[in-house]
Amino acid sequence: METIPSSPALALTGVAKHFGDVRAVDGLSLTAAAGGAIALLGPNGAGKSTTVSLLLGLARPTAGTVRVLGGTPEQAVAQGRVGAMLQQGELMPELTIGELVGFVRGLYPRPLPLSEILDLADLGSLVKRRAKGLSGGQAQRVRFALAVAGAPDLLVLDEPTAAMDVESRRRFWDGMRAYAAGGRTVLFATHYLEEADQNADRVLVIARGRLAADGTPAEIKATAGGRLVTFRLGDQPAAGLDALPGVTSVEIRDGVARLRTDDAALTTAALYRGTTLEVHDLEVSGGHLEDAFLALTRES
Amino acid sequence: MLASYVRLEILRMIRNRRYVILGIGFPLVIYLLNANVFGKETTDGGVTLSAYVMVSMAAYGAISGTLVNTAGPWAQERASGWLPQLQVTPLPGWMIIVGKLVGALLLVLPSMLLVCLAGALTQGVSLSVGQWAALVGALWAGAVPFVALGLVIGSLLRPDAVQPVTMITMLGLVIVGGLWFPVTTMGETMRTIAEATPAYSYADMGWSVIAGHGVPLSDALTVAGWAAALGVLAVLAYRRATVRA
């Protein structure tokens with residue numbers, strides 16, 4: 001690839017965006033070198049979409065500066081160096097997928113070959129279909145195709161898998177990783193920790209419009225306190241639960257025990273074999289983001 | 001870029017049944033109905049009604065076509081998220097509004113030409129080549145203010161409000177402007193009001209041409225003035241609609 005990482009893909013300095021009294025983004029600073037996949041992880045209302053809008057020049061910051069690929073967002077967009085998949089974006093219903101992709105492709109100075117776009121977005125069979133009547137997941141794939149069509153140096157995806165089923169998701173992330181592997185930068189917003197974990201080289205966690213954590217997926221998960229084992233304890237004594245292997249904290253509420261653990265398998269095994277408790281309704285949940293947030297934002 | 005955007009705008013409209021039926025078919029049908037009933041009569045100026053109504057219906061088709069085809073889709077695109085999707089591509093903002101203007105002008109030609117063709121072929125309207133050219137040229141170029149008006153409505157209103165407002169505006173223009181009922185049938189006051197509308201000056205360019213008087217300068221200036229005023233308004237409204245918060 002001819003992309004030379006001379007300037008950072010993204011550089012935000014003290015960025016704030018207020019809508020009246022609502023501080024959607026509230027003092028966000030971060031830098032990301034070019035290349036690789038970056039997840040913008042946060043719960044609904046954390047400021048992800050606003051951050052995306054600021055990066056794309058669709059919104060202007062109340063304070064601070066946003067630089068994209070060494071220039072303003074507007075410049076980067078005008079030069080065709082940015083592609084984006086927004087959360088809402090209806091397609092023109094009367095046009096075929098091929099026409100839509102061909103049109104957007106033609107707007108960029110150095111687009112990808114049409115066959116490669118259709119491949120990446122898994123759209124081969126839909127080229128002649130009109131946008132009207134596509135399923136939610138199919139429409140998402142078309143919007144992904146529109147986003148990558150211009151071979152942008154920076155690809156921004158806002159909750160890209162929202163309407164997709166499991167199989168579509170898998171293919172979608174394959175496409176995204178193939179795209180990022182070419183030395184380009186991909187930034188995607190998500191509220192699923194698993195998506196960030198499996199598809200990003202770096203995770204930026206934002207909460208309440210601020211950067212709550214920044215690191216590799218492994219680092220973030222460690223900060224978030226691993227996984228959660230819950231079961232119905234009833235009237236049985238809770239003594240000894242905190243001594244089980246892997247457990248880092250214990251919480252009993254309304255007869256339900258919540259064990260935070262570094263190793264769910266070890267903890268669960270020990271719970272059955274190493275105690276005489278009757279374990280009902282056992283559930284192991286994998287590092288829920290809401291939990292991660294409690295852990296990540298508790299200190300700040 | 002501009003050409004491919006215009007192509008896209010035209011492609012999506014000609015696949016739209018509503019455009020084809022209402023925009024192209026309706027003026028033609030109304031013309032044929034009127035011409036077959038009143039066509040043999042003549043106006044005070046000695047023009048057959050089949051020719052007079054041909055101009056009225058061509059003008060009506062252009063006004064309704066430009067308003068309806070511009071305002072609705074534009075409001076819809078803003079609301080549905082198609083606009084932000086275009087805004088994150090290298091397509092410059094000015095090309096969107098210019099593209100819509102050019103697209104709307106091209107889309108108005110079929111109905112105009114069909115009505116003229118029907119006049120010539122089925123109603124015996126006979127004009128010189130120069131008159132036909134002047135007629136179509138004046139009605140085509142004169143459609144600009146109505147495209148601008150459509151863009152103003154589409155920029156200021158939400159999709160659900162656009163349709164009634166467009167319809168009322170359109171009907172107001174063509175009825176008050178004397179396109180459905182000639183101004184000669186109106187009272188003194190109504191006639192004064194009619195002659196102040198852009199729709200009247202617009203159609204009057206055509207009525208003058210078929211009466212053998214050419215395009216009156218006063219009408220051309222009035223339409224140009226409306227085009228300038230509504231054009232400025234359209235740009236302002238467009239900026240307001242696409243402002244980056």
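Me: Where do the domain bounds used for this predicted model come from?
Reply: Domain bounds come from an automatic or database domain assignment. For chain A that assignment gives domain 1 (10-222) and domain 2 (225-298). The C-alpha centres of domain 1 of chain A and domain 2 of chain A are 36 Å apart.

Me: Why are helix 3 of chain A and helix 5 of chain A called roughly parallel to each other?
Reply: Helix 3 (residues 97-106) of chain A packs on helix 5 (residues 136-148) of chain A at an angle of about 25°, and the axes are 8 Å apart. Angles under 35 degrees count as roughly parallel. The two helices of chain A are therefore put in that class. Helix 3 of chain A passes helix 5 of chain A in a right-handed crossing.

Me: Which residues make the contact between helix 3 of chain A and helix 5 of chain A?
Reply: Helix 3 of chain A supplies A:Ile97, A:Leu100, A:Val101 and A:Val104, and helix 5 of chain A supplies A:Val142, A:Ala145 and A:Leu146. By class, the residues of this contact are seven nonpolar, no polar and no charged. Ala, Val, Leu and Ile are among those that count as nonpolar.

Me: What makes B:Ser56 buried or exposed?
Reply: The relative accessible area of B:Ser56 is 2%. Buried means under 20%, so B:Ser56 is buried. B:Ser56 lies in helix 3 (residues 49-80) of chain B.

Me: Which residues is B:Ser56 in contact with, leaving aside its neighbours within four places in sequence?
Reply: B:Ser56 is then in contact with B:Leu179 and B:Trp207.

How values were computed
Residues are numbered from 1 along each chain as its sequence is written. Chains are lettered from A and ligands numbered from 1 in the order in which they are written. This is a predicted model: local features need pLDDT of at least 70, side-chain atom pairs count only at pLDDT 80 or more; totals for chains, interfaces and linings use all residues. Side-chain values use heavy atoms; hydrogens and water are left out. Axes are lines fitted to C-alpha atoms, for helices over the stretch in contact, and angles run from 0 to 180 degrees between N-to-C directions. Helices (H or I, at least four residues) and strands (E, at least two) are DSSP runs, numbered from the N terminus. Angles under 35 degrees count as roughly parallel, over 145 as roughly antiparallel, 65 to 115 as roughly perpendicular and the rest as oblique. A crossing is left-handed if the near helix is turned anticlockwise from the far one by less than a right angle, and right-handed if clockwise. Contact means heavy atoms within 4.5 Å. Buried means under 20% relative accessible area, exposed over 50%, partly exposed in between (1.4 Å probe, protein chains only).
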